[in-house]
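User: Please show me how to read the features of a model like this one.

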Amino acid sequence: MQNEICHYCNGGAFDPLLQINNNTAIVKCRRCKLARTYPYPQFNFESQEKYSKFYLDNEQMFRMFAKSMLDAIKEYKCSGSFLDIGCAVGYVLDEAGELGFDNTNGIELNLDAAAIAKSKGHNVYTQPIEKLNLQNEKFDLIIFNHVLEHVLDMRLILSEIKKVLKKDGIIYCGMPNYNSIMQKLLKKNWYGWGMPDHIWHFDKLTFPSVMENNGFTSIKIVQNGMYYPYSRSLRKNTRATIARIADKLGLGDQVYGVFSKANS
Ligand SMILES: [Zn+2]
């Protein structure tokens with residue numbers, strides 16, 4: 001790993017965490033303690049043709065996720081202007097509209113998915129946030145769920161988000177959490193490594209520390225569990241049972257946070 005640089009802190013020394021296959025590993029930066037995929041993956045959202053089909057085929061599940069996210073936030077914000085970064089076909093925007101947000105906006109780089117979200121009356125941008133020139137302090141609530149782990153320049157996206165968030169605005173952000181029972185059990189086969197797309201890997205400590213170092217204040221950090229469905233296979237049922245117990249114990253393989261804008 002000579003001449004490797006951490007894109008977050010510019011550190012140049014890494015410790016190995018897990019070998020995924022012959023070409024790919026998870027390593028941890030000695031300076032900032034963030035885990036990342038080595039080598040850095042190349043990913044193109046626009047080219048994923050099956051992306052919107054995956055959402056359309058699993059509508060019920062994605063609506064359930066959307067509702068559970070909004071449930072976690074509605075005590076802080078339930079009206080005003082809303083932005084979902086990575087809005088896919090717009091399920092979270094639909095549910096936010098139902099909840100009381102009258103101004104629903106999304107960012108979606110996949111054009112098929114963006115067109116579907118637009119057709120339902122949402123305002124959808126198809127460029128990355130740093131290219132949009134959005135008005136400052138525009139949004140009351142911003143969600144970016146399972147997005148940060150895909151973004152090479154986290155400082156850039158977080159500074160853009162901070163700019164467009166209102167002074168008393170709220171952020172919801174979630175991602176897979178590798179420091180979890182399911183990851184220890186499934187090791188390289190754990191879903192949350194997200195190969196080949198995930199650049200960064202977080203846990204309950206590194207995630208809020210990235211947010212706090214980029215201008216946000218943690219309101220709550222929750223470690224919960226991914227939904228593993230039961231099936232006919234005993235092995236999969238064991239997995240689903242362990243995932244549910246881990247979720248109940250707060251040792252699940254996802255982490256989300258609710259944040260406000262830090263005073264600056
Ligand atoms: Zn680093």
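This is a predicted model: local features need pLDDT of at least 70, side-chain atom pairs count only at pLDDT 80 or more; totals for chains, interfaces and linings use all residues.

User: How many helices and strands does the protein chain have?

Analyst: Helices (H or I, at least four residues) and strands (E, at least two) are DSSP runs, numbered from the N terminus. Here the protein chain has 8 helices and 11 strands. The radius of gyration is taken over C-alpha atoms, and the globule rule is 2.2 Å times the number of residues to the power 0.38. For the protein chain the radius is 18 Å, close to the 18 Å from the rule for 264 residues, so it is as compact as a globular protein of that length.

User: What share of the residues of the protein chain count as buried?

Analyst: A residue is buried if 20 or more other C-beta atoms lie within 10 Å of its own, exposed if 12 or fewer, and partly exposed in between, with C-beta atoms placed from the backbone. By that count, 38% of the 264 residues are buried.

User: Which members of the largest nonpolar core touch the most other members?

Analyst: A nonpolar core is a set of buried Ala, Val, Leu, Ile, Met, Phe, Trp, Tyr and Cys residues joined through C-beta atoms within 7 Å. The largest one has 64 residues, and Val92, Ala117, Ile142, Ile171 and Tyr172 touch the most other members. Strand β8 (residues 165–176) gives the most to this core, with 6 residues.

User: What does Tyr172 touch, leaving out residues up to four places away in sequence?

Analyst: Two residues are in contact if their C-beta atoms, placed from the backbone, lie within 7 Å. On that basis Tyr172 touches Met69, Ala72, Ile73, Ile143, Asn145, Tyr256 and Val258, with residues up to four places away in sequence not counted.

User: Where are the cis peptide bonds to Pro39 and Pro196 placed?

Analyst: The bond from Tyr38 to Pro39 has omega near -5°, and Pro39 lies in the loop between β3 (35–38) and α1 (51–57). The bond from Met195 to Pro196 has omega near 5°, and Pro196 lies in the loop between α6 (181–186) and β9.

User: What is phi of Lys187, and is Lys187 buried or exposed?

Analyst: Phi of Lys187 is near 50°, a positive value in a residue other than glycine. Lys187 is exposed, because 12 other C-beta atoms lie within 10 Å.

Terms used. Residues are numbered from 1 along each chain as its sequence is written.
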